[in-house]
Amino acid sequence: MTAEQTGLRVQEALDRLTGTGAQAAAEDLVREMMAFYGEGLAAVVRLLPGDALEPLLDDPTVAGLLVLHDLHPEDVAARITRAISALPEQSLDIAEFDADTGVLRLRRRGGGEGGCGCGGAAEREAVEGVLACHAPEVASVEIAEPPKLLQIGVRPPEPARRGEPVDAAHRAVESAR
């Protein structure tokens, strides 16, 4: 289960406890448990030798817990890069992240979807899912398509023959029109 799924389940449970002070008590309980788990996780991180935490940072659950308790050693830019690198298809580059608005702009590398827009929603969901664990500071994702190539001319109907003057090749093109 991902950190995002867990958060949704906790919120749903809290929503069911409306009225008669039960919701406030449940929120207090969640806060206390979070503080307890956070202190325990902080102790584990402190006790790990050297760079033992590094291989764990790619795991979305561990990354989510570290971010949730403000224990992740990387800044938001490094976590965004790590998340995008974890995607199965490496077809996106980071253009910019606006920390004030939470908007992450990505740029599709050439090729990708072939410009048809196929799979765009699924790709966006995959990106948002991985970012939810690694960089919850990202509020929305925008994916820019690479510019389309513009063909400016047509090929002659047949290639010029060796030794044939350029004018003859042009006449052949004109007569084909």
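**Figure 1. Of the contacts in the protein chain that link residues at least 6 apart in sequence, 53% join residues at least 24 apart; contact here means heavy atoms within 4.5 Å. This is a predicted model, in which local features need pLDDT of at least 70 and side-chain atom pairs count only at pLDDT 80 or more, while totals for chains, interfaces and linings use all residues. The chain has six helices and three strands.** Running from the N terminus, the order of elements is α-α-α-α-β-β-α-β-α. Helices (H or I, at least four residues) and strands (E, at least two) are DSSP runs, numbered from the N terminus. The average pLDDT of the protein chain is 82, and 78% of the residues score at least 70; pLDDT is the predictor's confidence in each residue, from 0 to 100. Buried residues account for 21% of the 177 residues, where buried means under 20% relative accessible area, exposed over 50% and partly exposed in between (1.4 Å probe, protein chains only).

**Figure 2. Here is the largest pocket, with about 700 Å³ of space.** On a 1 Å grid over the protein atoms alone, a pocket is an open set of points where a 1.4 Å probe fits, with protein on both sides within 12 Å along at least five of seven lines; lining residues have an atom within 4 Å of a point. Grid points are joined across faces, edges and corners, and the volume is the space filled by probe spheres set on the points. The lining has 30 residues, with Ala 3, Glu 4, Thr 6, Gly 7 and Leu 68 nearest the centre of the pocket. Helix 1 gives the largest share, seven residues. The elements that each supply at least two lining residues are helix 1 (3–15), helix 2 (22–47), helix 3 (60–68), helix 5 (120–134) and strand 3 (140–144). By type, the lining holds 19 nonpolar, nine polar and two charged residues; Ala, Val, Leu, Ile, Met, Phe, Trp, Tyr, Cys and Pro count as nonpolar, Asp, Glu, Lys and Arg as charged, and the others, Gly among them, as polar.

**Figure 3. Look next at the largest nonpolar core, a set of 14 residues.** Such a core is a set of buried Ala, Val, Leu, Ile, Met, Phe, Trp, Tyr and Cys residues joined through side-chain atoms within 4.5 Å. Leu 106, Val 127 and Leu 131 touch the most other members. Helix 4, strand 2 (103–108), helix 5 and strand 3 each give two or more residues to this core. Setting aside neighbours within four places in sequence, the contacts of Leu 106 include Ile 84, Leu 92, Ile 94, Val 127, Val 141 and Ile 143.

**Figure 4. His 134 belongs to helix 5.** His 134 counts as buried because its relative accessibility is 1%. Beyond its neighbours within four places in sequence, His 134 contacts residues including Asp 58, Asp 59, Arg 79 and Arg 82, along with Leu 57, Pro 60 and Val 67.

**Figure 5. Val 45 sits in helix 2.** With 22% relative accessibility, Val 45 counts as partly exposed. Not counting residues up to four places away in sequence, Val 45 touches Leu 53 and Leu 66. Val 45 and Leu 71 are 26 residues apart in sequence, and their C-alpha atoms are 7.9 Å apart in space.

**Figure 6. Asp 70 is in the loop between helix 3 and helix 4.** The phi of Asp 70 is near 55 degrees, a positive value in a residue other than glycine. Asp 70 counts as exposed, since its relative accessibility is 71%.

Methods:
Residues numbered from 1 in each chain as written. Heavy atoms only, no water.
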